[in-house]
Amino acid sequence: MKRYVLIAGETSGDQYGSQLMEALKEIDSESEFWGIGGEDMIGSGLNQLENIHNMSVVGFSEALKKVPTMLNLANRLSQFISDVKPDRVILIDFPGFNLSLAKKIKQSLILVVITAVILIKFRKNCKTSLKQDKTCKMA
């Protein structure tokens, strides 16, 4: 039996995570999934450690207010990963949180394989100013 920790911080990551979980269950139907996801991942068998809606932020001021909560969550997840020793940690999108979590896990000397899946799409048309600074809107 394989044990996975998956962290998705937004709806698109929840959808991708659910699809990944279903594919992993086809390989090993006894797989266990722990982590953070939404309704799709829970429906695929995720044992939820935190509600995905508690992680979402809109705007700079809201992000600042959530910094202590997110740091606490990263510490709890790092400790959980240390205790459970999963076969793999899969970080889906949400790079601001997930990449810092990966760094924390590495600094804690936890021996676990970490896979980061960062999905960023840019629109094809980027406007370039006179200073050659590219400004692209996220799709």
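I began with K25, which forms a salt bridge with E22, the closest N and O atoms being 3.3 Å apart. I took a salt bridge as a side-chain nitrogen of Lys or Arg within 4 Å of a carboxyl oxygen of Asp or Glu. Both K25 and E22 lie in helix α1 (residues 11-27), three residues apart, about one turn of the helix. K25 is partly exposed at 25% relative accessibility, and E22 is partly exposed at 34%. For these labels, buried means under 20% relative accessible area, exposed over 50%, and partly exposed in between, with a 1.4 Å probe and protein chains only.

I noted the basis: this is a predicted model, where local features need pLDDT of at least 70, side-chain atom pairs count only at pLDDT 80 or more, and totals for chains, interfaces and linings use all residues. Residues are numbered from 1 along each chain as its sequence is written, and side-chain values use heavy atoms, with hydrogens and water left out.

I then looked up the salt bridge total, which is three. R3 and E32 form one of them, at 3.0 Å from N to O. R3 sits in strand β1 (residues 3-8) and E32 in strand β2 (residues 32-37), 29 residues apart. R76 and E50 form another, with the closest N and O atoms 2.9 Å apart. R76 is in helix α3 and E50 in strand β3 (residues 46-51), so this pair ties together parts 26 residues apart in sequence. R76 is partly exposed at 42%, while E50 counts as buried at 17%.

Next I checked the fold. The protein chain has four helices and seven strands, in the order β-α-β-α-β-α-β-α-β-β-β. These are DSSP runs numbered from the N terminus: helices are H or I of at least four residues, strands E of at least two. Of the 139 residues, 35% count as buried.

I looked at N98 in helix α4 (residues 95-107). N98 is buried, with a relative accessible area of 0%. A polar atom of the N98 side chain lies 3.3 Å from the backbone oxygen of I92. Apart from neighbours within four places in sequence, N98 is in contact (heavy atoms within 4.5 Å) with I7, L91, I92 and D93.

Last, I looked up surface. F60, L64, V67 and L71 make a nonpolar patch of about 420 Å². Patch residues have over 30% relative accessible area and no salt bridge; like charges are joined within 9 Å, and nonpolar side chains (Val, Leu, Ile, Met, Phe, Trp, Tyr) within 5 Å. L64 belongs to helix α3 (residues 60-84).

Technical notes: Polar contact = N/O pair within 3.5 Å; in protein donor to acceptor, adjacent residues only side chain to side chain. Areas by Shrake-Rupley, 256 points an atom, 1.4 Å probe, with all protein chains shown as cover.
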